Amino acid sequence: MRRAGLGDGAAAGSYGYANSGYSVYEEENDRLTESLRTKVSAIKSLSIEIGTEVKNQNKMLSEIENDFDSTGGLLGATMGRLRTLSRGSQTKLLCYMMLFSLFVFFVIYWIIKLR
């Protein structure tokens, strides 16, 4: 009888040990699952912020593209006027522009030489 008591006690103790081992693994799995859940949540919020930033950057790029297009049109019109000016009989105005440019060049040269 005594032996049976030891056997029953060993079996009960073994069963208790198995449950506690299972519980440790289950708790560790729960802890790792929670850690993973936290990391996934952080990655999700980061990806949402990246998406918002990409949308804002695309909006700014399209605005810059529109600005460049309008500036290109303005520059094209100015170049067209300059071509018309150079082909026309307004050589007197062109000579004045050249003289003014030379004057500005010499003034800048004179200022640099005085330093």
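## Helix H2 and Leu94

Leu94 is found in helix H2, which spans residues 91-114. The model described here is predicted. With a relative accessible area of 34%, Leu94 is partly exposed, because this value lies between the limits of 20% for buried and 50% for exposed residues.

Leu94 can also be placed relative to Leu82, a residue twelve positions away along the chain. The C-alpha atoms of Leu94 and Leu82 are separated by 9.8 Å.

## The annotated segment

The unreviewed UniProt entry assigns the annotation "transmembrane region" to residues 93-112. In the model, residues 93-112 are 100% helix and 0% strand.

## The chain as a whole

The protein chain contains two helices and zero strands. Helix H1 covers residues 2-87, and helix H2 covers residues 91-114.

Of the 115 residues in the protein chain, buried residues make up 1%. The accessible surface of the chain comes to about 10,800 Å². Carbon and sulfur atoms account for 66% of that surface.

Side chains of opposite charge can pair when their charged atoms come close. In this model the count comes to one salt bridge. Glu34 forms a salt bridge with Arg37, and the closest N and O atoms of the pair are 2.7 Å apart. This contact qualifies because the cut-off for a side-chain nitrogen of Lys or Arg and a carboxyl oxygen of Asp or Glu is 4 Å.

Both Glu34 and Arg37 lie in helix H1. They are three residues apart, which corresponds to about one turn of the helix. Glu34 is partly exposed, its relative accessible area being 40%.

## A patch of negative charge

On the surface, a patch of negative charge is formed by Glu63, Glu65, Asp67 and Asp69. One of these residues, Glu63, lies in helix H1.

Glu63 has a relative accessible area of 41% and is partly exposed.

Conventions:
Residues are numbered from 1 along each chain as its sequence is written. This is a predicted model: local features need pLDDT of at least 70, side-chain atom pairs count only at pLDDT 80 or more; totals for chains, interfaces and linings use all residues. Side-chain values use heavy atoms; hydrogens and water are left out. Patches are made of residues with over 30% relative accessible area and no salt bridge: like charges are joined within 9 Å, nonpolar side chains (Val, Leu, Ile, Met, Phe, Trp, Tyr) within 5 Å. Accessible areas come from the Shrake-Rupley method with a 1.4 Å probe; for residues, only the protein chains shown count as cover. Lys and Arg count as positive and Asp and Glu as negative; His and the chain ends are not counted. The place of a charge is taken as NZ of Lys, CZ of Arg, CG of Asp or CD of Glu. Helices (H or I, at least four residues) and strands (E, at least two) are DSSP runs, numbered from the N terminus. Buried means under 20% relative accessible area, exposed over 50%, partly exposed in between (1.4 Å probe, protein chains only). UniProt positions are given in the numbering used here, feature names are shortened, and annotations may be inferred rather than shown by experiment.
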